[in-house]
Amino acid sequence: MFPALRDEVASALDAALSARELPTDDLGIEEPPDDVDSVLASSVAFRLAGEVGAAPPQVAAELADEIDVDELRYVDRVETQGPYVNFLPSPTYYAETVEAATADDYGHRPDRDESVVVEHTSANPTGPVHVGRARNPIIGDAVATLLSYAGYDVDRHYYVNDAGRQIAVFTWAYETFDEADLPEPQREKADYELVRYYRKGNAFLEDGPAAEVEAAEAEIESIMQGLEAGDEDAYERVTEVVDQVLGGMRETLARLPAEYDEFVKETRFMQDGSTDDVVSRLQDVDEAFYEDGAWQLDLSAFGMEKPFVFLRADGTSLYTTRDVAHHEWKFEQYDRAVTVIGEDHELTFEELRKALSLLGHDTENLEQLFYSWVNLPGGEGMSTREGTGIDLDDLLDEAIDRAREEVEDRLDDRIRDDDLTEDDIERIARQVGIGAVRYDIVAKQPTKAITFEWDRALDFEAQSAPYVQYVHARCCGILEEAGLDPGNVQDGLATTIDTDALATDAERDLIETIGRFPWEIEEAADDLEPHRIATYTREFAETFNAFYRECPVLADDVDTDTRDARLALVAASKHTMANALNVLGVAPPRSM
RNA sequence: GGGCACGUAGCUCAGUCCGGAUAGAGCGUCGGACUUCUAAUCCGACGGUCGUGGGUUCGAAUCCCAUCGUGCCCGCCA
């Protein structure tokens with residue numbers, strides 16, 4: 001609804017300025033502070049004051065006069081407050097907003113007929129997913145859902161690095177060491193069991209006997225050569241390790257939940273010859289040169305001093321070379337490609353982009369979303385190889401445990417006599433616990449570095465998931481109390497809603513906030529900023545809680561029209577919050 | 001040394017892209033509100049030279065320059 005209002009205001013302003021032959025390049029449309037009555041305003045009068053030769057407030061007044069609100073559907077009044085032109089919404093705007101939000105898919109934007117692949121997580125299959133890596137699927141999943149709400153046709157990919165040196169090391173270690181010599185696994189799960197070989201292998205290469213290390217290096221080299229040559233045997237040896245570890249990682253990611261449409265293996269682009277093809281085409285570009293036995297790209301014309309090596313002296317390709325082939329494959333199938341990736345890959349990603357561009361690709365439709373590292377207190381990093389870091393499984397277990405304690409502590413204080421069952425308690429603990437972890441991460445700008453601290457990550461107070469989830473539970477509670485099914489409210493709502501009955505400030509504010517949701521989706525999707533939806537859920541929760549406090553829905557002294565209208569507003573609120581939470585990947589609880 | 005990012009209240013963060021109305025939340029501290037559709041809620045108080053210094057502008061947390069601090073990167077690893 002808000003997008004329509006905004007369009008209308010823009011064209012009305014444009015027309016008013018044109019009528020007076022004033023520039024229309026910057027309409028100065030903005031959202032006014034909370035204590036101003038309007039929902040949209042323009043500060044254009046500031047800029048025009050010089051040109052018109054009058055003070056800004058006078059210019060604003062003249063512009064307001066120029067606009068005929070009778071011709072506008074969603075604007076009721078145009079008022080000025082000093083230099084600002086304020087637009088107040090019409091009854092039609094309020095009515096249509098409530099109407100639109102009673103549909104349970106509220107917030108979805110029209111189909112754009114544009115496909116986009118969101119690649120996220122893509123953690124190397126070397127061991128259990130730790131909290132440092134968890135930022136990726138949480139942001140990535142939210143971005144994918146956000147784009148889907150914004151009308152794009154979205155696929156989610158996990159790119160499996162099954163071809164690098166680390167995987168060759170892992171394969172060699174898996175085949176070499178005896179399980180009896182390994183420590184007990186931290187969990188009975190393939191990723192925890194196998195990572196022991198990986199860690200032992202890396203430690204051995206670092207300070208094992210020189211001769212044995214040399215032999216091991218030769219074996220590792222032969223695995224890499226085998227993969228490069230598309231050798232079936234090498235592929236099978238690596239796959240034996242990769243598939244087991246990845247299986248364990250997928251189980252953990254599924255707990256978030258993060259699901260993928262496709263797991264794309266790096267070796268695929270070696271076996272099908274596309275990496276070789278990329279190499280030969282790169283060798284032909286003007287920027288390519290051969291030095292010290294390796295093929296490289298001179299990117300200094302792009303301000304990048306470091307040459308990009310795309311073929312090693314031993315003839316094997318590098319990660320980024322294979323990623324070029326991978327991205328050419330993506331562009332054959334999708335209009336856009338978005339990659340969620342750690343900031344440590346920023347330079348590599350830029351090399352990828354330049355290489356693609358030198359091969360004649362338009363890289364405008366390749367976008368990336370960088371997130372900063374998650375460190376442990378004291379500045380220590382998280383490393384699978386060294387075994388430092390907090391495993392995501394442990395974090396989720398702890399989150400659920402703490403949430404369950406919280407639910408149980410609150411049982412005695414509950415006013416509502418809905419008799420939570422054991423299943424309910426378990427459900428709430430899971431929704432709140434995992435929701436809190438996701439919300440804590442998705443609500444922050446990805447570029448900000450995070451230091452992991454248990455108490456902070458699992459704080460259920462603050463501006464956290466339970467705070468916004470509670471609004472959803474409150475909505476469901478009211479709907480159920482009124483005899484409606486929260487899962488399908490439309491059947492139970494009155495057929496005609498008199499939104500004029502929703503006249504208090506609290507009700508108006510709530511409708512206005514609901515109306516902004518589709519706009520927030522569009523804006524957040526355009527900028528790939530899911531954290532804005534988290535900010536929105538907080539603002540929405542505050543607005544709803546004010547309504548909850550001031551506007552009883554089911555009390556005896558509420559007349560039927562008001563009750564019906566408020567019930568519709570609660571249903572609209574429920575859909576808004578449920579869908580906003582859905583974008584964030586946070587579960588919307590029916591009760592808490 | 002070079003590149004990129006970040007710096008807003010004691011703490012954790014919105015707001016910065018696209019400059020506009022007294023810079024917003026939460027936590028913490030202090031004081032209030034459950035015979036009421038669930039108090040995981042709400043109301044109030046206290047708390048900020050928006051890292052620092054210049055510049056542009058009618059107007060700067062927001063744009064530009066410089067500078068300091070922190071993180072990440074600068075490998076024929078991924």
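The structure holds 24 aromatic pairs, where rings of Phe, Tyr and Trp (its six-membered ring) pair if their centres lie within 6.5 Å; planes under 30 degrees apart count as stacked, over 60 as edge-to-face and the rest as tilted. This is a predicted model in which local features need pLDDT of at least 70 and side-chain atom pairs count only at pLDDT 80 or more, while totals for chains, interfaces and linings use all residues. Residues are numbered from 1 along each chain as its sequence is written, chains are lettered from A and ligands numbered from 1 in the order in which they are written, and side-chain values use heavy atoms, with hydrogens and water left out.

**Aromatic pairs**

- The rings of tyrosine 74 and tyrosine 93 have planes at 75 degrees and centres 6.1 Å apart, so this pair is edge-to-face.
- The pair joins distant parts of the chain, 19 residues apart: tyrosine 74 lies in the loop between helix 3 (56-66) and strand 3 (75-81), and tyrosine 93 in helix 4 (residues 91-101). Helices (H or I, at least four residues) and strands (E, at least two) are DSSP runs, numbered from the N terminus.
- Tyrosine 74 and tyrosine 93 are both buried; buried means under 20% relative accessible area, exposed over 50%, and partly exposed in between (1.4 Å probe, protein chains only).
- Tryptophan 295 and phenylalanine 310 form a tilted pair, with 6.4 Å from centre to centre and 40 degrees between the planes.
- This pair also links distant parts of the chain, 15 residues apart, with tryptophan 295 in strand 9 (residues 294-297) and phenylalanine 310 in strand 10 (residues 308-311).
- Tryptophan 295 is partly exposed at a relative accessible area of 22%, whereas phenylalanine 310 is buried at 0%.
- One aromatic cluster is formed by Tyr106, Phe517, Tyr536 and Phe540.

**Domains**

- The domain assignment of chain A gives domain 1 (2-89), domain 2 (120-375) and domain 3 (399-444 + 454-584); such bounds come from an automatic or database domain assignment.
- The centres of domain 1 and domain 2, taken over C-alpha atoms, are separated by 53 Å.
- An unreviewed UniProt entry lists residues 468-592 as "domain: DALR anticodon binding". UniProt positions are given in the numbering used here, feature names are shortened, and annotations may be inferred rather than shown by experiment.
- Over residues 468-592 the chain is 65% helix and 0% strand, with the end C-alpha atoms 11 Å apart.

**Surface near RNA strand B**

- Among the 66 residues around RNA strand B, those that come nearest are Asp35, Tyr84, Asp292, Arg312 and Tyr548; a residue is near a molecule or strand if one of its heavy atoms lies within 4 Å of it.
- The residues of this surface divide into 27 nonpolar, 15 polar and 24 charged. Ala, Val, Leu, Ile, Met, Phe, Trp, Tyr, Cys and Pro count as nonpolar, Asp, Glu, Lys and Arg as charged, and the others, Gly among them, as polar.
- Helix 19 gives the most to the surface, with 7 residues.
- Of the atoms of RNA strand B within 4 Å of the protein, 62% belong to sugar or phosphate and the rest to bases.
- A polar side-chain atom lies 2.5 Å from a sugar or linking oxygen of RNA strand B in asparagine 124, and 2.6 Å from such an oxygen in glutamine 463.

Notes:
A polar contact is a pair of N or O atoms within 3.5 Å; within protein, one must be able to donate a hydrogen and the other to accept it, and residues adjacent in sequence count only if both atoms are side-chain atoms.
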